[in-house]
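Notebook open, structure loaded. I want to go through the helices, the sheet and the cores in turn.

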Amino acid sequence: MQEYKADLHIHTILSPCANLDMSPVNIIQKAQEEGLSIIGITDHNSTRQSVLIHSLSERLGILALMGCELTSKEEAHALAFFEKEEERAGFQSWIEEVLPDIPNDVDKIGYQIVVNQEEEIVYEEARLLWSALPLCLDDLYEKVKKYNGLFIPAHVDKPSTSLMSQLGFVPLDLKADALELSRFTTTEKFLKRFAYLKRFSFIHSSDAHMVGDIGNSYTSFYMEKLNFKELTLALETKNGRYIK
């Protein structure tokens, strides 16, 4: 098995909370510098910018997962990733149907823009992407699975916008492909407190909003090849694939 370093939680300039230097080209360049083989593009409630990054990264031997960071009805965050463009596009269409019609205030919140390879603006999202979608976490899981995606509740140890902060615990019967921990704890420390969650695989990610943060926390995937199917097997700890 070969080791592939992965940072699966990276925001772009489409997220209003991200710096304006988080363009596709800058993200890919920093990923290369950090020796990352896999990156996850996770803007709030939108997959629009992930398409270009996926295309550009592929030429450089980096697997960029097309996805987003969903906000559930409970206001807990979860990462969703899709292998195929038609699956991503279908899920994006669904998000746009249910995203609350709350206008974004650029002056107070920030820009929500999509750019091309030359960093020219090609789209601006008028609705606030931070808004909670009208589905609970279990229903969001089912919706992601309808489009053959991966579903990973985000930074579950974080004191805000996480399962722990919003529910006070991680449900024993939670449906998920893995759980994400922030860079402020380790899997070992977390499981000492919550041993009942040992059935899950755990990833660590940067949750980068600035270029300098990309890769400051990562997960090592041990796989035979660099592709979405192998990554899924590693999360499931199957056929000798695993994460660490």
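**Helix α3**

I checked the length of α3 to begin with: its 14 residues should span 20 Å at 1.5 Å a residue, and the end C-alpha atoms sit 20 Å apart, which agrees. The expected span is 1.5 Å times one less than the number of residues. Helices here are DSSP runs of H or I with at least four residues, strands are runs of E with at least two, and both are numbered from the N terminus.

For the record, this is a predicted model, where local features need pLDDT of at least 70, side-chain atom pairs count only at pLDDT 80 or more, and totals for chains, interfaces and linings use all residues. Numbering runs from 1 along each chain as its sequence is written, and side-chain values use heavy atoms, with hydrogens and water left out.

Which residues of α3 are buried? I get E87, R88, G90, F91, Q92, W94 and I95. Buried means under 20% relative accessible area, exposed over 50%, partly exposed in between, with a 1.4 Å probe and protein chains only. Their cover includes α2 (50-58), β3, β4 and α4; contact means heavy atoms within 4.5 Å.

**Helix α1**

In α1 (residues 24-33) I found P24, I27, I28, K30 and A31 buried. Down the axis, these fall within an arc of 165°, so they line one face of the helix. The arc is taken from the directions from the helix axis to the C-beta atoms. Among the elements covering them are β1 (2-10), β2 (38-41), α2 and β5 (113-115). After α1 comes G35, with a positive phi near 70°.

**Sheet**

I read off an open sheet of 7 strands with mixed pairing, in the order β7-β4-β3-β2-β1-β10-β11. Two strands pair if DSSP finds at least two bridges between them. The edges are β7 (150-153) and β11 (242-243), each with a single partner strand, so one side of each has no neighbour in the sheet. β3 and β4 run antiparallel over 6 bridges, and M66 has F82 in β4 as its bridge partner.

**Cores**

The largest nonpolar core has 34 residues, and L70, F91, W94, F151, L179, F190 and L197 touch the most other members. Such a core is a set of buried Ala, Val, Leu, Ile, Met, Phe, Trp, Tyr and Cys residues joined through side-chain atoms within 4.5 Å. Its largest share, 4 residues, comes from α4. I also noted a second, separate core of 20 residues, including A6, I38, A154 and M223.
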